[in-house]
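Let's take a walk through this protein together, one piece at a time. Keep the picture open as you read.

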Amino acid sequence: ESDNFAIDTQLPTATIQLSDTALKAGEASTVTITFSEAVSGLTREALTAPNGTLSDLISTDGGITWTGTHTPNADVTDATNQIVLNQTWVRDAAGNIGQGLVSSDNFAIDTQLPTATIQLSDTALKAGEASTVTITFSEAVSGLTREALSAPNGTLSELITTDGGITWTGTYTP
């Protein structure tokens with residue numbers, strides 16, 4: 001009769017969660033990778049982090065839960081992103097190596113800042129005349145008020161939009 005011995009052929013598996021799934025300019029998301037059992041060998045090179053950079057990963061619970069920060073690149077608009085882990089980079093305490101790829105849920109990145117152009121309907125104003133001011137943005141914006149604009153030697157009416165925030169109009173009176 002032999003001594004007892006342990007058998008562990010169960011491969012480690014993982015799930016990936018992001019704290020923010022709609023990243024804007026100046027934001028970052030905590031990436032949490034949770035394994036079915038403690039693992040070692042996880043580095044950021046085991047992960048694909050689209051349209052951004054992933055910080056080093058740390059575990060404070062012996063290798064079950066790992067966290068890092070995904071910081072999106074500037075000037076990106078992409079609604080279809082996933083963090084992907086190549087599980088062959090990790091192994092459990094018994095030496096079993098993970099297999100296959102696991103992906104996070106989809107997340108969106110919009111770090112592209114809006115730009116604007118300004119046009120006047122009349123660029124040679126005389127007494128009694130006014131000019132329509134049209135501001136066209138590269139994407140819809142909200143909160144535009146006349147205080148955001150400088151209108152020298154005259155007054156600018158309140159600005160309105162009728163297309164969801166892409167085109168704003170007002171009247172400049174000298």
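We'll need a word for how hidden a residue is: buried means under 20% relative accessible area, exposed means over 50%, and partly exposed is in between (1.4 Å probe, protein chains only). We'll also talk about strands, which are DSSP runs of E with at least two residues, numbered from the N terminus. Before going on, note that this is a predicted model, where local features need pLDDT of at least 70 and side-chain atom pairs count only at pLDDT 80 or more, while totals for chains, interfaces and linings use all residues. Residues are numbered from 1 along each chain as its sequence is written, and side-chain values use heavy atoms, with hydrogens and water left out.

Start with strand 15, where the side chains alternate.

Elsewhere you'll find an open sheet of three strands in the order 5-10-12, with antiparallel pairing. Its edges are strand 5 (47–48) and strand 12 (101–103), each of which pairs on one side only. Strand 10 (residues 84–86) is joined to strand 12 by three bridges, with leucine 85 facing valine 102 as bridge partners.

Now look inside. In soluble globular proteins, nonpolar side chains tend to be buried together. A nonpolar core here is a set of buried Ala, Val, Leu, Ile, Met, Phe, Trp, Tyr and Cys residues joined through side-chain atoms within 4.5 Å. The largest one has 22 residues, and the members touching the most others are Ile16, Ile33, Phe35, Leu42, Leu47 and Leu85. Strand 1 (14–18), strand 3 (29–35) and strand 13 (107–110) each give two or more residues to this core. A second, separate core has nine residues, including Val133, Ile135, Val141 and Leu144.

Next come the charged pairs. A salt bridge is a side-chain nitrogen of Lys or Arg within 4 Å of a carboxyl oxygen of Asp or Glu, and by that rule there are four. Arginine 146 meets glutamate 147 at 3.8 Å, N to O, and it meets glutamate 158 at 3.2 Å. Arginine 146 lies in the loop between strand 15 and strand 16, and glutamate 158 in the loop between strand 16 and strand 17 (160–161), so this pair ties together parts that are twelve residues apart in sequence. Arginine 44 bridges to glutamate 45 at 3.9 Å, and shared partners link Arg44, Glu45 and Asp56 into one network.

Most residues other than glycine have a negative phi. Aspartate 75, though, has a positive phi of about 60°; it is in the loop between strand 8 (65–72) and strand 9 (77–81) and, at 56% relative accessibility, counts as exposed. Asparagine 153 also has a positive phi, near 60°. Its place is the loop between strand 15 (131–137) and strand 16 (155–156), and it counts as exposed at 74%.

Methods: Helix = DSSP H or I, 4+ residues; strand = E, 2+ residues; numbered from the N terminus. Pairing = 2+ DSSP bridges.
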